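Welcome, and take a moment to look around before reading on.

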Amino acid sequence: MSVESNVRAVTTYRLSEMKQRHEKIAMLTAYDYSMARIVDEAGVDVILVGDSAANVMAGYETTLPISLDMMIYHARSVVRAVRRALVVVDMPFGTYQGNSKVALESAIRIMKETEADAVKIEGGVEICESLQRILSAGIPVMGHLGLTPQSIHKFGTYSVRAKEEHEAEKLIRDAHMLEEAGCFGLVLEKIPATLGARVASELKIPVIGIGAGNGVDGQVLVIHDMLGINHGFSPRFLRRYADLHEVMTGAITSYVGDVKSGDFPNESEQY
Ligand code: KIV
């Protein structure tokens, strides 16, 4: 394979062109090779190897326990599958907050060991020093404001963020800071739609929402949620496009029945 053909079609530059053209950006999470292949072939523009892997892949209550090594494992599997989409990898909790040298080392490990296109970090002014150091190495960074799940213990709730005016003002200031520092995009999670639209209209970089209304430049969902693999999570912003929980349970139950009854394998399914 030539170097040229190995370059993925969606780049950070192309995303900014999409914003200028008012072309909406579709983003989804993926954590493994098989799922990433389907997501990429279906035309998703950005694939996020989210630290939501901690919840949906590893079964943790929060995103905090996932390690850098675990994220790198998931990201490598995804990158091997993807031909077109831009691949963004979440930097896990504890790998960038408070120490910009550690932040740079962590981001470099992600880029070198996974061959992904960019990293994502949560927070505003608090993580500015780490952000600048990562950017100074030429690593594209996506910001994440609003509900930032890595700070769940600070807030104690997954409720809608920035409903109060002072919180909304801080979010707007942080969004501008992230753009001015050099982020190529921003995720806004679970905030009022009017605020999402305002941030998207004030920023030049693409703003991708999850529970941030329809006035932003694109949308992101966790793949297990939108495919209905998880039944226990039903926030208002989630649209379920399938009920894979039911489909999979039906298929697996039939398999168990067929094995137990001796119906599987039949004549044509053996050598
Ligand atoms: O980890 C994740 O899946 C995310 C999305 C919710 C944006 O950060």
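What follows goes from the overall layout to the core and then to the charged side chains.

This is a predicted model, in which local features need pLDDT of at least 70 and side-chain atom pairs count only at pLDDT 80 or more, while totals for chains, interfaces and linings use all residues. Residues are numbered from 1 along each chain as its sequence is written, and side-chain values use heavy atoms, with hydrogens and water left out.

**Layout**

Let us begin with the domains, whose bounds come from an automatic or database domain assignment. Domain 1 covers 12–240 and domain 2 covers 243–271. Their C-alpha centres are 38 Å apart.

Helices (H or I, at least four residues) and strands (E, at least two) are DSSP runs, numbered from the N terminus. Eight strands form a closed barrel in the order 1-2-3-4-5-6-7-8, and their pairing is parallel. Two strands count as paired if DSSP finds at least two bridges between them. For a close-up, look at strand 4 and strand 5 (residues 141–146): they run parallel and are joined by 2 bridges. V119 has V141 in strand 5 as its bridge partner.

**The nonpolar core**

A nonpolar core is a set of buried Ala, Val, Leu, Ile, Met, Phe, Trp, Tyr and Cys residues joined through side-chain atoms within 4.5 Å. Here, buried means under 20% relative accessible area, exposed means over 50%, and partly exposed lies in between (1.4 Å probe, protein chains only).

Which residues have the most contacts inside the largest nonpolar core? They are L131, L186, L188 and V199, in a core of 64 residues. Helix 4 (residues 68–81) gives the most to this core, with 7 residues. Apart from it lies another core of 16 residues, including V46, V88, A118 and I208.

Contact means heavy atoms within 4.5 Å. Leaving aside neighbours within four places in sequence, L188 touches several residues, among them L145, L171, V199 and I208. S77 counts as buried, at 8% relative accessibility. With neighbours within four places in sequence again left out, S77 is in contact with Y31, D32 and Y33.

**Salt bridges**

A salt bridge is a side-chain nitrogen of Lys or Arg within 4 Å of a carboxyl oxygen of Asp or Glu. How many salt bridges does a search of the whole structure find? The search finds 11.

| Pair | Closest N and O atoms |
|---|---|
| E126 and K170 | 2.8 Å |
| R198 and E202 | 2.8 Å |

In the E23 and R21 pair, E23 is partly exposed at 32% relative accessibility, and R21 is partly exposed at 46%.

E126 forms its salt bridge with K170. This pair links distant parts of the chain, 44 residues apart: E126 is in the loop between strand 4 (118–120) and helix 6 (128–136), and K170 is in helix 8 (residues 165–181). K170 is partly exposed, at 30% relative accessibility.

R198 and E202 both sit in helix 9 (residues 193–202), 4 residues apart, which is about one turn of the helix. R198 is partly exposed, with a relative accessible area of 45%, and E202 is partly exposed as well, at 32%.

Finally, a network of salt bridges links D69, R109 and E113.
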